[in-house]
Amino acid sequence: MAVESSQQQTAIPHYPQWEPLRSVVSTFVGNKVAPLPEQPKMGFFTDTSLCIGCKACEVACKQWNQLQAKNPSWTGTSYDNTESLGAITWRHVQFIEDIGPAAMLPPPLPLFGKLAEAKSEGLIPETPPGTALPFFNTERWLMRSDVCKHCANAPCQEACPTGAIIRTEFDTVYVQQDICNGCGYCVVACPFGVIARDDDGTHTARKCTLCYDRMKEGIEPACSKTCPTDSIQYGEVDKLKAHARERLGFLQQQGVQEARLYGVDDTILEGGLNSFFLLLDEPEVYNLPADPPRPSNHVAPASFWAVLTAIVLGIFSILFFKE
Amino acid sequence: MQETRLPEPVAASLAAVRRGLTSPDVIEQLATLATGYTPDRAQEMEEPTYYDYPVLQAPTWTWEIVWYFFFGGLAAGCYIIATVAALFGSREDRAVTRTGYYLSLLMLLPCPPLLIKDLGKPERFLHMLRVFKVKSPMSMGTWGLVTFSLFSGVTAVIQAARDGILGKWWGARLLAALPQRLIALAGTGSGLFLGSYTGVLLTATSVPLWSRSKHLGGVFAASATSTSCALISLVLRLTGAPAKTLHKLERLEWAALTVEMVGLFTFLRGSGRAGLALVGAGPGEHGPTFWRFVFGAGLSIPWLLSTLSLFGKPKKRTMRGLLVGLLVLTGGYFLRHTIIEAGHTSSRDARVTLWHSKH
Amino acid sequence: MGSNMAEAHPVGFANVVKAKELGAKVIHVDPHYSRTSALANMYIPTRAGTDIVFMGAIIRYLLENNLYFHEYVLHYTNAASLVKESFRDTEELDGIFSGFDPETGNYVDQGSWDYQPGDDGHPLTDPTLQNPQCVLQIMRRHFARYTPEMVEQVCGVPREQWEVVVRTLVENSGRERTSALCYAVGWTQQSKGVQIIRTAAIMQLLLGNIGRPGGGIMALRGHASIQGSTDVPTLYDLLAGYMPQPAAMIEPQEQEAKDRPTDTTWGEASGKHASALSQQTLEEYLSSSGQKFGWWSNIPAYMRSLLQAWYAEAANEEDGNCVYRWIPKITGDHSHLATTYDMLDGKVKGYLLFGQNPAAGSTDSRLQRKALQQLDWMAVFDLYETETASFWQRGPVPHLDVVDPSQIKTEVFFLPAAGSTEKSGTFTNTGRLLQWHDKAIDPPGDARSDLWYVYQFGKRLKQLYAGSQEARDQAIQALTWDYERIEPEPGSRILDDPDSELVLKEINGYYVYPPGQTGGPGSESLQGPLGLREAPHVPNFGALKVDGSTACGSWIYSGVYPEPGKNLAASRTPGGHTFLQWGFSWPANRRILYNRASADPQGRPWSERKKYIWWDEAAKKWTGDDVPDFPINKPPDYTPPPGATGIDALSGSDPFIMKPDGKGWLYAPKGLRDGPLPTHYEPAESPVHNALYTQQSNPAARYYKGKPFNKLAAVGDENYPIVITTYRLTEHHVSGQMTRWMPWLNALQPALFAEISPELAAEKKIKNGDWIIVSTPRGEIDARALVTRRMRPLRVQGRVVHQIGLPFHWGYKGRVKGSITNDLAHMVLEPNVSIEEAKAFTCNIRPGKLL
Ligand SMILES: Nc1nc2c(c(=O)[nH]1)N[C@H]1C(S)=C(S)[C@@H](COP(=O)(O)OP(=O)(O)OC[C@H]3O[C@@H](n4cnc5c(=O)[nH]c(N)nc54)[C@H](O)[C@@H]3O)O[C@H]1N2
Ligand SMILES: Nc1nc2c(c(=O)[nH]1)N[C@H]1C(S)=C(S)[C@@H](COP(=O)(O)OP(=O)(O)OC[C@H]3O[C@@H](n4cnc5c(=O)[nH]c(N)nc54)[C@H](O)[C@@H]3O)O[C@H]1N2
Ligand code: SF4
Ligand code: SF4
Ligand code: SF4
Ligand code: SF4
Ligand code: SF4
Ligand SMILES: [Mo]
């Protein structure tokens, strides 16, 4: 589903095909391409409380982006045979079976007798009295469609030594396939295991583009467009975040106390995620790191210790040689 | 020949250590000691994860990077030691300078091919130079390597010119007249960078083993020094150098090894549970290799040996020196090897990754 | 219940999710916890094949506690109608009804099930509902033994869980609220499937949930246009628009003793056995298929228009009787599965197979493959070389039956078919909604649309018989058969593809003699007769005439294409409460059938909340959010004058206009082969004895005892103690031919697996991911074990009953292969619709892999 967007439908210039040499030159001479017009920040709100695990998003993504199929292998981990995101898997639906050994009985319903009475007198209450079924049954099969988080401070982008990873005019994180040289640094930088090098295909790093090609034309991404239950919602990040908070309120009011948002506020990676989630359990249950450190923050302390060691050893060596 | 034989108690304890190091229990204990984390398997199994599928992608880096780190460290270390010897050393120490600069360039030669080979798209190596990104150690590292290559090359060429290898024509004379020390001073800066940025590079990732503690840069810097020291003295011992100079190197070696050990333990302490991938004995953990080849053969034995030498008179001690040198070089290689490999293990371990991000 | 809606109908299920967001309570009762259960407010595990007990107990509860919707039940259902004194219920006959003939296994005499006829031909009623022969009282007695204890004993569902369902249903039904039931093949694929659905219908009628917004029983239809295939039918026993296929009496039966009360209420040919109709003439057909009262009284016009569409002018001879003779008469069960047995017996020589894969997809597929070997020839029209098309070449691996091509005489032709995107046409979905789809690209190579094949086939047949003098070939000679495109389709390289809009026009109907002209066929002044191409379209089925002046391919679809250039199936205007401008839903674009019931007998909405169709006194007509399913100007207080027939014989408060009495049938006085009221029988294979009656399983089901490859396990057979059910996965489609060639989908579900509970796994020493062998008396297959808490053992009649579940999407053709689940299933057929019992049978499992 797409939440209404204020994207301008102006013709957006395409990125030029940069040949290596020109790009080296342009590093020094400066970028001569006119900046693209600012657009509202776009992203995803993946609401797992609506996911039915149909995997249509996975297939739609493969289809639109013409990604290779994974080798079929049966895993025995519930209905998930995809296992993880990767170079040719940009959407991945997880299945978590959280079912207790004994069938749990639902809470008793009050006021039932009174209803019968009321009915026989011809008075039907506007809302049924005791219909207090929980919003989800106590036995849970959690499903979540995972995707690139399009982090506001994207470690992959911060790490990339070639500038292949850019932030688009929609504030999404995009890997320019013609620039990436497959150094693999983004792969270890991403705290969510999203981006990966396509060693059997392009040999470059690949991940969800947030369907940049479609966005430029004002078309909703393939996965959210396909999602039958609107578990994946696409739209302006600010609006989506407001909606996510509302949704959380609604669920909690429905008694779904386990519900929580992930990546909506600014704590994760010091800026939040442009593609965020509503979860029905702890993030760890979904293999999501609760509060992953931001790798670029390590540069300073690591350098400090390195320099300190160097100084110590330098002093030693000077002392030893001097004597 | 007597001097090469190890003293009895040392030999005995080494044997015990050898025996011990083959037993997982002992490795577990050492790991606990080093990391300060007592594994509680039951508790760990309680922690939620998603079928233990990795949270992170495995690094794409394998042997090329290990060798690149190794050679890069040597290139930088040799350069720096050579420069220190040139600036502060005696006349005799010139041998160090000369050997150092040559070795530096020699060690540098395999680096670019290794780095390029490691890329998914080697033909796009130059794309590394599209941008200059302070936040990205790899970007900085590439620039550092380029800069250092320049310095290393120029310095070595000057050295060659001065050594008369380039002949006596005017160009060679011009080169020989260049202010090598001044250039080397600047080159040392980039050498320092090259020797330690690799550790910083690993630290600035999401892999728990590499990034939890912030001390890897220091460890790599110390290891660059110790291995370079070992390499230079190895060559000098073989080509013949004054015992005094060699003794200076021995002392530097000892200091570097000491710092490296302190650094390594600080690193492991700081890593805690994340360090197990490197030092533990569990499946996929690299403890056995680490304790045997990095800690045992690569650090403690040479450290013990150089400690012994430290208190002796400056003598040649060729065999012992050669042994120490070889051990340190092997250790230096395995340090990088196990850290890269254990990084793979670490990236696969969902529980550690999740714990790491929470604590 | 009985559907895995989220997995098999994900797009439809999106609406369930939406409803839940708006406060609806979703309850899923199913043997296996599926993706549907995950989204439900409540999930109840039940034993496969026991739904009649679950819902029967609800019916009893509603009746005993007076919790049914009194006004609705009294006015809109047949609760008050009186049933013949001669009727004997299962209560009296221990699990069977009167009229059963144990020898043939049929209810040969269903006369006793009928109403007591009144003077005017309408059934007698007792509005006080006190008469012991009135439907409500009969139901009270019939359902008396369907107690909550029985739910525990038979279904294995704790009483408390069942009670929550009852309460929720009651609270969400009535004037202010409605509840809907969704089902699919979890109910139909049972040896008593039709009766399970009847139970649901009774429950919904008692709660007042039929014909009202948010109510109903939704049959979630299967294949893309399976609904269409019953509307414009491919079924052997139906003509277009649910008119029965004419039947021939196989062996004339002796008239039974005169004292047998077998005359019927509504003009049905009386004194004859229901199972032995003779419909040799059109009159016989119309009198026995039609009805005196209610909408079906229009059948003569619909039938005549159909004959007109097929045979044009020839249909006018002998008032249609001449061409009626050409229409094939059925002599028994010619359904797909029953035919398989005939094939096995060598009675079938040739087989045209359009888009079906019985060698893997049909029940007891091992028997299916054996049967195919008895054919002389078979033509398979398909997108892929299916298991069926290659049955002569290979069999499942590991080999159950070694296939030796030299020993198989069947000559197999493979004809490549076009996929849905490679042709234009309509889909009719679950909501009876016709949606036109345009062709996107030409089919590759020699592939052609099914329409092309059938059309060319017909043309060649006509050529072949053009010169024949034989009377029996007249049917082919006289057939109208011209769907030729005048101009080739732009951009297509296929020049001889027939015009599918022309077919739609025939289905919609047209004026052979345009209206506004006086006279009838044969009269001079007429402009006509006109052929399909030039004739004006009829606007709807109201225009269809019995005099041969109209032609119509399927009356219920009439109105879909009311004028040239106005194909309503292709309309896509969203909006409005009921999206009336989106596609076309038959009949007459009504979205809810029997929607007169959404207003009270006086024509006022039952409540403001549930307002839908009501009587507008000022305008003197029915109005509302939908097209009223009622004569538009018939006031609520209309009472039929004496002697009225047809639709006029129904009052202004009889919403169920297709029924001769205008009532919703709690009790079915006719039409079913296995009884007027639902009765619980155990599945043909069951681990337990029927706790309610001595009669173990459906007496009228067809067991084909003694046929090869169809052995059944005995009741409680220790060798086969585990209940097995089969179902779908979102990732694959039925026999897998449409999905197992697609690598993206194969990666999602690469292999056949069996879902088993941890308890059963422990008992059988099976670990998650192990290979296991599943066996039944029909065969053995292997699969991976998916040990999951989503399956759970049930406590039934004091013992633990394990259930396992298997998807059935694999076979030996495709990019991923696997065992064929249907090699396990048996072929016992439900009596009314001849469907297999793939949802509940018994098996055993052991660790291991077949080699
Ligand atoms: N992805 C996908 N979608 C499909 C199809 C497909 O193959 N793949 N096939 C299409 C076709 S042809 C059809 S007919 C429909 C079928 O649609 P569904 O009937 O929804 O599909 P099944 O998975 O066969 O679901 C049957 C459900 O009934 C349950 N069940 C079995 N026995 C009983 C019982 O005795 N009582 C109750 N209450 N439940 C029972 C099963 O556990 C299962 O969950 O789906 C259509 N949609
Ligand atoms: N155990 C078990 N068995 C079952 C069921 C169950 O629940 N359990 N369900 C049953 C049900 S509900 C059904 S409907 C059957 C379905 O059984 P089948 O109809 O035999 O199964 P499909 O795999 O859908 O076969 C359809 C074939 O049509 C082809 N096809 C697709 N489109 C076209 C087209 O446009 N033209 C032509 N000519 N061919 C086309 C496909 O390639 C495919 O080979 O299976 C039944 N079998
Ligand atoms: S999730 Fe990973 S790949 Fe995606 S933007 Fe963030 S760091 Fe980059
Ligand atoms: S692999 Fe490509 S995108 Fe990733 S950091 Fe390297 S150059 Fe950038
Ligand atoms: S936004 Fe596009 S690229 Fe990203 S997951 Fe969705 S379909 Fe794939
Ligand atoms: S996110 Fe949507 S499309 Fe993806 S599996 Fe869930 S419901 Fe299906
Ligand atoms: S496959 Fe088609 S018909 Fe079935 S749910 Fe999906 S969209 Fe609907
Ligand atoms: Mo079906």
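Colleague: In this predicted model, how many residue pairs are in polar contact across the interface of chain A and chain C?

Modeller: Across that interface the rule finds 20 residue pairs in polar contact, with both partners at pLDDT 80 or more. The elements of chain A that give two or more residues to the side touching chain C include helix 2 (56-65), strand 2 (92-98) and helix 8 (237-253). By class, the residues of that side of chain A divide into 33 nonpolar, 16 polar and 10 charged.

Colleague: Why is the meeting of Arg790(C) and Glu97(A) called a salt bridge?

Modeller: The side chains of Arg790(C) and Glu97(A) meet at 2.8 Å, N to O, and the cut-off for a side-chain nitrogen of Lys or Arg and a carboxyl oxygen of Asp or Glu is 4 Å, so the pair of Arg790(C) and Glu97(A) qualifies. Across the interface of chain A and chain C the rule finds four salt bridges.

Colleague: How do you know that Lys358(B) and Glu282(A) form a salt bridge?

Modeller: Their closest N and O atoms are 3.7 Å apart, and because the rule asks for a distance within 4 Å, Lys358(B) and Glu282(A) count as a salt bridge. Across the interface of chain B and chain A the rule finds three salt bridges, together with 31 residue pairs in polar contact, both at pLDDT 80 or more. On the side of chain B that touches chain A, the largest share, eight residues, comes from helix 12 of chain B.

Colleague: How do you know that chain B and chain C do not touch?

Modeller: Contact requires heavy atoms within 4.5 Å, and chain B and chain C do not touch, their nearest C-alpha atoms being 13 Å apart. Of the two pairs of chains in contact, chains A and B share the most contacts, with 71 residues taken from chain B and 82 residues from chain A.

Colleague: What makes the approach of Ser735(C) to ligand 2 a polar contact?

Modeller: A polar side-chain atom of Ser735(C) lies 2.5 Å from an oxygen atom of ligand 2, and since the cut-off for a pair of N or O atoms is 3.5 Å, the approach of Ser735(C) counts as a polar contact. The protein buries 88% of the 920 Å² that ligand 2 exposes when taken alone. A polar side-chain atom of Asp450(C) also lies 2.7 Å from a nitrogen atom of ligand 2, and the shell around ligand 2 has 10 nonpolar, 12 polar and six charged residues.

Definitions and conventions:
Residues numbered from 1 in each chain as written. Chains lettered and ligands numbered in written order. Predicted model: local features only at pLDDT ≥ 70, side-chain atom pairs only at ≥ 80, totals over all residues. Heavy atoms only, no water. Polar contact = N/O pair within 3.5 Å; in protein donor to acceptor, adjacent residues only side chain to side chain. Helix = DSSP H or I, 4+ residues; strand = E, 2+ residues; numbered from the N terminus. Nonpolar A, V, L, I, M, F, W, Y, C, P; charged D, E, K, R; others polar. Areas by Shrake-Rupley, 256 points an atom, 1.4 Å probe, with all protein chains shown as cover.
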